[in-house]
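I'm new to this one and would like to be walked through it. Could we take it a question at a time?

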Amino acid sequence: MTQIPEPKRRKRSKKAVAGITAGSLAVVLAAVAAVDAYDVFPELPGILTTSPAIEVQDVPAPHAAGKDLPAPASAVDDSAPVPTAIADKVDKVLSDSKVKGFGIEIRDGLSDDVLYAENETKPRTPASVTKVLTASAALLTIGGETRLSTTTQFDPATATVTLTGGGDSLLGAGESQPGAVNGHAGLTTLAQETAESLQNRNVAEVALDLDTSRYTGEDFSPGWERSDIAKGVIAPIQPLMIDTGYVGSKDKDWRERSEHPAKDAFAVFTKKLEAAGITVTDDPKPVQEADDDAKVDGDSETGELASVESATISEVVEYALVHSDNVVAEVLGNEVAIAQGEPGSLDAGPQAVLAALADSVDLGTTHLEDTSGLSYDNQISPHDLTTILQTSVVADDSLSNLISYLPVGGLTGTLTDRFTKDKNAAGTVHAKTGTLSTVTSLAGGVLDADGRYLVFTLQIDNVDKDRILEARKTVDDIVAALANCGCR
């Protein structure tokens, strides 16, 4: 363990920060459960399965963000005494653990003083903790209030309606639901508004086309397993999807995803457009050949017919983190690339995420192969992850809300069943989990017993499969010790 006898200050973000933003650690407590197949469903068959299986609750249908509760922001200021006994608490947990080799960094959220460090600069496979980087980049580059649009355009020369995917992987099949994130924009609403626009042009018969050109290149990473599609872990990354490509009954504990999500969404839209009164045919009658009394002003102009918008990027980011959804994370990676003027692709996404963060934090030796954390080749050190978390605590831009979007101990997402028996940790731990067959990680923040906000990253990889549960327990015990520690 690297003892820190005197408060040691790490490199701050390159951008100037003015202090804690009011409400930056606000917690949205939604009645949701997470669906990262390896964070939540390690009993799935396959090479990434842990043994024995971790018990998890059934997955309810996703709901809109619920009740806003007060933030667990630090109750002390920068001049308050810094905890000095954290090392004893952490070392005690580590000495009792049968698993050795953790990478750890714990910092004071306000002052950025390093309170504990162990193998903190060694890059490791982070698993789904990778989503912390992706979420941060999305908030910084795309903007928290931005929405993604799914649109229809009309070409009167060929009487063709084109459905264009705009990157909304959380489309609903039904009507738009303004209070939801998953299903905020609905294909039924888009079809109804498209039909109304066509009817205003006296057009009753059209051909349909699908435009997925927003994303380029391969839609499935060579580092992923195709078998994981059937397990619900991932899907081909396309700019048009219903419910992130899930198929089958929502009553199941876990569902498979589609091999062709855009095609599935297109089929649903076709049915909805026909239900709205428009005939879809392969040989439509061009508008210019229609009877004169069927023509209306402007019917010779190609243009947008209708559009529906996603929830805000902030809400989509929260969804990705709370549900640990790999598809949403990969889509966000593509959108980060587009926001930076690069192609929206699986190749460009990882580098775009790192480039987006380079102006705010020093990421050292971080390497990304994807933006969801499925790849074992992703490499992030505890120090780099903690740097992002601490920067978010003192940020005054979109990044300031990052920690509030993380799962809450004992309450939401992949932390629903963790920290439930610790009254100080439950509700005050906000962290992103990461779980692969030989990996367990946790990165986030916690309010200690003295009211000081601490940020932390705990990682270990290359763990024997029969020790992975012990490794996770060690991680939880350390964080619980922080929550119960004034440590002065």
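Predicted model: local features only at pLDDT ≥ 70, side-chain atom pairs only at ≥ 80, totals over all residues.

Me: Where is arginine 257 found, and is it buried or exposed?
Reply: Arginine 257 is in the loop between β10 (240-242) and α6 (261-275); helices (H or I, at least four residues) and strands (E, at least two) are DSSP runs, numbered from the N terminus. Buried means under 20% relative accessible area, exposed over 50%, and partly exposed in between, using a 1.4 Å probe and protein chains only. Arginine 257 has 3% relative accessibility, so it counts as buried.

Me: Which side chain makes a polar contact with arginine 257 through the side chain of aspartate 325, or what is the distance there?
Reply: A polar contact is a pair of N or O atoms within 3.5 Å; within protein, one must be able to donate a hydrogen and the other to accept it, and residues adjacent in sequence count only if both atoms are side-chain atoms. Arginine 257's side chain also reaches the backbone oxygen of valine 233 at 3.4 Å. With aspartate 325, the contact runs from side chain to side chain, at 2.8 Å.

Me: Which ring does the charged end of arginine 257 sit over?
Reply: A charge sits over a ring if NZ of Lys or CZ of Arg is within 6 Å of the ring centre and within 35 degrees of the ring normal. Contact means heavy atoms within 4.5 Å, and the contacts of arginine 257, leaving aside neighbours within four places in sequence, include Ile229, Thr244 and Tyr246. The charged end is 3.9 Å from the centre of the ring it sits over, and that ring belongs to tyrosine 246.

Me: Which backbone nitrogen does the side chain of aspartate 325 reach?
Reply: Aspartate 325 lies in the loop between α7 (313-322) and α8 (326-339). Its relative accessible area is 1%, so aspartate 325 is buried. At 3.0 Å, its side chain reaches the backbone nitrogen of valine 327.

Me: Which residues touch the most other members of the largest nonpolar core?
Reply: A nonpolar core is a set of buried Ala, Val, Leu, Ile, Met, Phe, Trp, Tyr and Cys residues joined through side-chain atoms within 4.5 Å. The largest has 47 residues, and the ones touching the most other members are Leu133, Val317 and Leu402. Elements giving it two or more residues include α3 (130-141), α7 and β15 (453-460).

Me: How many residues are in the other core that lies apart from it?
Reply: Leu94, Ile104, Phe419 and Phe456 are among the members of this other core. It has 30 residues.

Me: How many salt bridges does a search of the whole structure find?
Reply: A salt bridge is a side-chain nitrogen of Lys or Arg within 4 Å of a carboxyl oxygen of Asp or Glu. One of them joins arginine 107 and glutamate 105 (2.7 Å, N to O). The whole search finds twelve.

Me: How many residues apart in sequence are the parts tied together by aspartate 108 and arginine 452?
Reply: These two form a salt bridge, with the closest N and O atoms of aspartate 108 and arginine 452 being 2.2 Å apart. Aspartate 108 is in strand β4 (residues 103-108) and arginine 452 in the loop between β14 and β15, so the parts they tie together are separated in sequence by 344 residues.

Me: Which helix holds aspartate 476?
Reply: Aspartate 476 forms a salt bridge with arginine 418, the closest N and O atoms being 2.6 Å apart. Arginine 418 is in the loop between α10 and β13 (430-436), while aspartate 476 is in helix α11 (residues 468-483).

Me: What is the phi of aspartate 112?
Reply: Aspartate 112 is found in the loop between β4 and β5 (113-118). It is not a glycine, yet its phi is positive, at about 70°.

Technical notes
Residues numbered from 1 in each chain as written. Heavy atoms only, no water.
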